[in-house]
Amino acid sequence: MKLLVIEDEVKLAEYLRRGLTEEGYVVDVAHNGVDGLHLAMEGDHHLLVLDGMLPGIDGLGLLAALRQSKQTPVLMLTARIRIEDRVKGLQGGADDYLVKPFAFSELVARIEVLLRRTRPTRDVEGTTVLGLADLELDLVRRRATRAGQRLDLTAKEFTLLTLLLRRQGEVLSRTEIAEQVWDMNFDSATNVIDVAVRRLRGKLDAPFERTLLHTARGMGYVLEARDE
């Protein structure tokens, strides 16, 4: 899932980018309203985290411009505590409000609620649990198990495994994996994808008899349960 954080406080923006990335999201950041509006209009983000007070174009102005053509969910951040200010933002098209200072855990919870509300069929067949053979992935609890044993995955490994499970049986190229998981163009001179897959395979397959993650030589990787 891809988020856009529009926040002019550089330290806060970086804190949010790092924290949300660790939660498994791909995160773009803008530090002013002009750049933020451009990214929001041109990008394919699933949700915006928007500060109410921005240089260039303020949050309400950005929101009004965005709502002329896009309905991307927006969680607004504000230092203003007056109810009138929050009502104005909600009437202007914001989907939720969070008053500064806030707990990061509450921000994540509100993002998850908005994404569930606006993308009810975002996962395979509307389910929150994906599976293959003895592998199970719980998207809500962000928990992966195999043969009943918990897999200790990093945020990126969880995102990568989610992609592979949603597309199980399909060969995914390194380029597609790079775009979907790291939101980057694949550089054939780097081995970041191969390293990530090798680490995931060490947790997913190495402790078990049956291999699920396979290499399609010259093409990419595929997750499937093959007959031995």
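Is R150, in this predicted model, buried or exposed at 54% relative accessibility? R150 counts as exposed, because its relative accessibility of 54% lies over the 50% that marks the exposed class. The residue belongs to strand β9, and, when neighbours within four places in sequence are left aside, R150 is in contact with R142, R143, A144 and T145. The C-alpha atom of R150 is also separated by 9.8 Å from that of K203, although the two residues are 53 residues apart along the chain.

The strand that holds R150 is part of an open sheet of 4 strands, which are arranged in the order β6-β7-β8-β9 with antiparallel pairing. Strands β6 (129-132) and β9 (149-150) stand at the edges of this sheet, and because each has a single partner strand, one side of each is left without a neighbour in the sheet. In general, the strands of a sheet pair through backbone hydrogen bonds, either parallel or antiparallel. Strand β7 (residues 135-138) pairs with strand β8 (residues 143-146) in the antiparallel sense over 4 bridges, and L135 stands opposite R146 in β8. Helix α6, which spans residues 155-166, lies across β6, β7 and β8 and runs at about 115 degrees to β7.

Elsewhere in the chain, D96 is placed in strand β5, which covers residues 96-99. D96 counts as buried, because its relative accessibility is 19%, a value that falls under the 20% cut-off for that class. Apart from residues up to four places away in sequence, D96 touches V74, L75, M76, L90, R110 and L114.

Key:
Residues numbered from 1 in each chain as written. Predicted model: local features only at pLDDT ≥ 70, side-chain atom pairs only at ≥ 80, totals over all residues. Heavy atoms only, no water. Helix = DSSP H or I, 4+ residues; strand = E, 2+ residues; numbered from the N terminus. Buried < 20%, exposed > 50% of the residue type's maximum accessible area, 1.4 Å probe, protein only. Contact = heavy atoms within 4.5 Å. Pairing = 2+ DSSP bridges. Axes fitted to C-alpha atoms, helices over the stretch in contact; angles between N-to-C directions.
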